[in-house]
There are 2 protein chains.
Amino acid sequence: MRTVDKALKLLDWFTDKRSEIGLSEMARLSGHDKATVHRMLTTLARHGLLEQHSTLKTYRLGAGILRLARLREACFPVGAVVNPVLEQLAADTRETAHASLLAGAQLMTIGTAEATRSTRVSIEPGLILPFHATASGIAVLGHSPDSLVNTVLAGPLPRFTADTDCDIGNLRKRIAECRRTGIGISDLGYESDVCSTAAPLFGPDGWACGAVTVAAPASRMNADVRRQITAAVVRAAFEITRGLGGEPAASFKSATERLAA
Amino acid sequence: MRTVDKALKLLDWFTDKRSEIGLSEMARLSGHDKATVHRMLTTLARHGLLEQHSTLKTYRLGAGILRLARLREACFPVGAVVNPVLEQLAADTRETAHASLLAGAQLMTIGTAEATRSTRVSIEPGLILPFHATASGIAVLGHSPDSLVNTVLAGPLPRFTADTDCDIGNLRKRIAECRRTGIGISDLGYESDVCSTAAPLFGPDGWACGAVTVAAPASRMNADVRRQITAAVVRAAFEITRGLGGEPAASFKSATERLAA
DNA sequence: ATCAATGGTTCATTATTATCACCATCGGTT
DNA sequence: AACCGATGGTGATAATAATGAACCATTGAT
């Protein structure tokens, strides 16, 4: 299904910064021929995943996506579960909280609650999180089957900041550490001023299906704050996992026993 | 792009009633070979549009859809515009209100606000509305280019109730009528107990990009109620169109001048 | 134990898709 | 005004990808 792959990859070129893309631009971005891209774009538009601006002729994400999202939310209301907890978490920690779910082998941000303070971490909407460079990613990998860990570590591990950990050996150690402590930590690894603390969300099978994370400016982070945030994040993770009908792994339960109290 | 088409059509088999679909069932529904369907399902899952239940092996709509929806909402916040107006509309009319957007040549429900009364019309989440049988569809066609009208009338016009209007000549008359009055009406045409009143939403190009509709139980409908609902729906349509940065067609403005007051 | 489901995989056959060249249009420059 | 370099879009052929019958492994009911 390589053509479907190629077509769906086009969707990932849309970001909040680049929300409208023309035919030629998309051909350049994706590296495919203009004619090929045109066929793929019109096909995606026919199904409502994209729509074309009637005058500019540019393409953007379409209304069909909203339909599918509403349908999914009606069947599996994760937003209804996640968002209130995130709001509470952000209020408790006074820092920005976000949640992400595992989709395929990608970690997708599906909820955010920004802190109300004047300086705070801001999350780009719809961001796909790199496993190796984020607390969320480590938290998920620490509670995922080896197959996923190996898949991720076999892939590219791009550098985002001077502190990004791109070494496979190091990453394996940090994932093992996460298995022991339950939580995932990434300081300055994705954005140079951000310290993040994450706890895994679990599906019914006891494997991680996502993570909930608090991201704080590095200037405010210290051991005391870390402890408070960790406890709050763990509580939030248990609450969301319960709300989604998931089953926390035994190792996570025991590792965080004293924290969640 | 027939393969992409086929793959994306699989998404439309998911409804709130049938939210999890197995491989064989999907092969039966779609009429394709099991091997083909398997390849398409795994491809869709790889991109997060679907996800597979780890034990049941069934497929459901995936978290990637939520990501895309959040991204679209961040760039073009239609939900933020539509939902408050729908809530107000439902409160004003004491009946269920819903909004839909044109995506490709399909009309997709992207917002609902149910009435609070004990008997009320309930809207199936993520429903794709048939143009010929719904007030929303007529309202959109009445303010769309002939090309769309012809496309729709050339397609299948399935019967939903005894009162469904499936005659092309009749439908053309009703579309012309809608062009004159501005609003779309469909009584008992889609569900046998529901009377709907719709007004078009406009894009920046002056063509309809969707509709806002109030659906009431037939038992409560009469000329007086129709007048009140019509006025409220027209007001709501103007408000949403303005909020989306659209430009109402001159014909719609003049036709509804006295109503919107 | 058997039967009929299920999910999943393989490989030769077959149909689709990619590419290049091309056209029409737009906006700014010379 | 002619020109240039963009843009979006299209058609025919060469190259590639998708299809589907037969296959296996499991599961659950009879």
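**Exercise 1.** Which helices of chain A and chain B each supply at least two residues of the surface near DNA strand D?

Solution. This is a predicted model, where local features need pLDDT of at least 70, side-chain atom pairs count only at pLDDT 80 or more, and totals for chains, interfaces and linings use all residues. Residues are numbered from 1 along each chain as its sequence is written, and chains are lettered from A and ligands numbered from 1 in the order in which they are written.

- Chain A brings helix 1 (2-11), helix 2 (23-30) and helix 3 (34-46).
- Chain B brings helix 1 (2-11) and helix 3 (34-46).
- Helices here are DSSP runs (H or I, at least four residues), and strands are E runs of at least two, numbered from the N terminus.

**Exercise 2.** Find the residues that come nearest to DNA strand D.

Solution. Near means a C-beta atom, placed from the backbone, within 6 Å of the strand. Of the 20 residues around it, the nearest are A:Gly22, A:Leu23, A:Ser24, A:Ala35 and B:Ala35.

**Exercise 3.** Work out how chain A relates to chain B.

Solution. Superpose by least squares on C-alpha atoms of residues with pLDDT of at least 70 in both copies. In chain A, A:Val4 has the C-alpha nearest the axis, at 2.5 Å.

**Exercise 4.** Which helix of chain A gives the most to the side that touches chain B?

Solution. Count contacts as C-beta atoms, placed from the backbone, within 7 Å. Chain A puts in 46 residues and chain B 47. Helix 4 of chain A gives the most, twelve residues.

Methods:
Contact = placed C-beta atoms within 7 Å.
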